[in-house]
Every structure is written in C-alpha cells, then in structure tokens.
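Please read them with the structure open.

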Amino acid sequence: MSAIPLRPLGFGEVVDGAVQIYRRDFGVYYLIALLGAVPGYVITLASGVDFSALALDNAGEPVERLGRMGAALGVIAIDAAISWVGMLAVAVAMAARIDERGVSAGRAYRDALRHLPAAGGATVLALLLFLAVAFLVATAAMAPMALAMRSEGLLLPLLGALVFLLAMVCMIGFWLAATFAIFPAVVIEGRGATGALRRSLQLCRGGWARVTGIMVVALIVNLAPSYAVVALFGMHDLFTSPEALGTVGPGRQWLLNTADLLVGPLTAPFMVGAIMILFHDRRVRTEAYDLEARAGEMDAG
C-alpha cells in the first residue's frame, strides 16, 4: 500500500487520507459506484412497489398489508445487495490505485466478481452472527422496558426506551467495527469468507472505540447526500411521520429516486477509502506493518 504513509495515523489523518484517495481518481470511483446503483434504481421503478406499505398505519387487510410490506422490503434488500457489489468494486479499484496500478470500471467489476464469494460469504456470516447477538441484546433490553411500561409515571418508561435505543446503537457500532476489514482482507490479502471475518475482528482488538468512531463518521458522510435529497424535495416528514408515506405520488417518488441515484454514489467511495486507510492503520498499530514493509523494501533493494 505504497500510497499510504507507513506510520500510525491519527483520527483526522484517516479521514483526510480517505478524502485524498477519493479525490485522486474521483471520476473512476464515482462511475463504479453509479453503475452499482443503477440496477437497484431500475428494479425499484420497474417493480412499482408501494413503499407506503412500510407505514405503521397502512390500510388494508392484515394479509394484504404483510404482502405489500414484504414486497417493499424485498426491493430494498435487492437494491442494498446490488449496491454492496458496487462498493466491493470500488474497493477493488481503490486497492489497485493505492498500489499504483491502472484501473477501469470494467476491470473493477470483473475482479469484484472474482472476490464476490469470499466477501459475500464473510458478510452473510457476519450478518447472521450480528442478528443472533442483536436478538439476545434486544431481548435483554426489552425485559426492563416491559417492566417499566407497567409502572405509573413517565420516568421508568423513558429510561426503558433509552436503554433499548442505546443497546441498538451499540449493536450497530459493533457491526460496523467488526466488519470494517472484510473488503481489504479479501481484496488485498486474498482471504476466504471465514478468514476475512476473523481478520476483521483481529484488527479491531484493542481499538474497538477508535474503529467504531471512524466507521460511524464514514457512514454518516456516506448517507448525508441521500438525506440532503430528501430534505431538498421537502420529504423530511417521512422520517418523523409514517403517515406521510401515503402522500408521496409516483412523480415525486421518481424525482426523489433519480436525484438519489445521481447524488448517492458521490460519497460511497469515501467510505471505502476510510476502510482502506483504517485497515492500513490497524495493521501498523497491531502488527508493525510499517517495519515489515520497510524490511521488504530493503531486501528487494
């Protein structure tokens, strides 16, 4: 990873390094991320799914509501899976450019398909483990919340809700930290599914808080354009009022989806860049990778 300084990096240096890597080949990375977002966009428009089915009070019979909700969640899941492949392709391209190798969108996707079984297997395995742990944590957090709801007054119910919310936030942070190194472990080190997940957990050891903080910042930056598009179209009520979903017409929804298609991929490569820089930093801090690389250069010389 010759384009990254061979020394431990600070929090700000990791973020700045991600920006620098992204700016270096902005057009290529944006094109790769955009190509990864197009299939999901087409599927969403072609399916004609009514996302108002996700509202808590959507009308209709229970079976009908469940069917519409399942269809909406299915389209969202397919869109997320295809976009994930686009992120993997960005990681492939970014790893090549860090090593001063040429890259194109077509080559990035061809190499991404080669890494797909390992990266996909590691991600699915991590997701299953995460869901199992999240279920246990949610069950443990719901117990005091249920007891608090039976009490009189508002203090205990509020405390119960805060405990539950804190537990879920911690679980999301744990997921981001535990899986941050899957892409670079597969693309750079050529590890398999279980090996990539073990590698990610290994590199987090002794630095969970730092890794989580950087990944949360990268996630916020990655999601910011989509929220900005929603606010621009005056649809921020969707996040505060589920009933507002039913007021979104097809034309307005198409404009929202199209704007998100063009704007969303702008920041996806930043998140991948943060992962790459963080992966390097954790190797330096936990394995003295900088000394190993310098020794290799001396041997080669």
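**Helix α2 and the chain around it**

1. In helix α2, the buried residues are Y29, Y30, I32, A33, L34, G36, A37, G40, Y41 and T44. Buried means under 20% relative accessible area, exposed over 50%, and partly exposed in between (1.4 Å probe, protein chains only). Helices (H or I, at least four residues) and strands (E, at least two) are DSSP runs, numbered from the N terminus.

2. This is a predicted model: local features need pLDDT of at least 70, side-chain atom pairs count only at pLDDT 80 or more, and totals for chains, interfaces and linings use all residues. Residues are numbered from 1 along each chain as its sequence is written, and side-chain values use heavy atoms, with hydrogens and water left out.

3. Helix α2 covers residues 26-47, 22 residues in total, and spans 32 Å from first C-alpha to last. That is close to the expected 32 Å, taken as 1.5 Å times one less than the number of residues. After α2 comes G48, with a positive phi near 65°.

4. The chain has 11 helices and zero strands. Of its 301 residues, 42% count as buried.

5. Among contacts (heavy atoms within 4.5 Å) with a separation of 6 or more, 76% are between residues 24 or more positions apart.

6. Mean pLDDT (the predictor's confidence in each residue, from 0 to 100) is 80 for the chain, and 75% of the residues score at least 70. Where pLDDT is low, predicted coordinates should not be read in detail.
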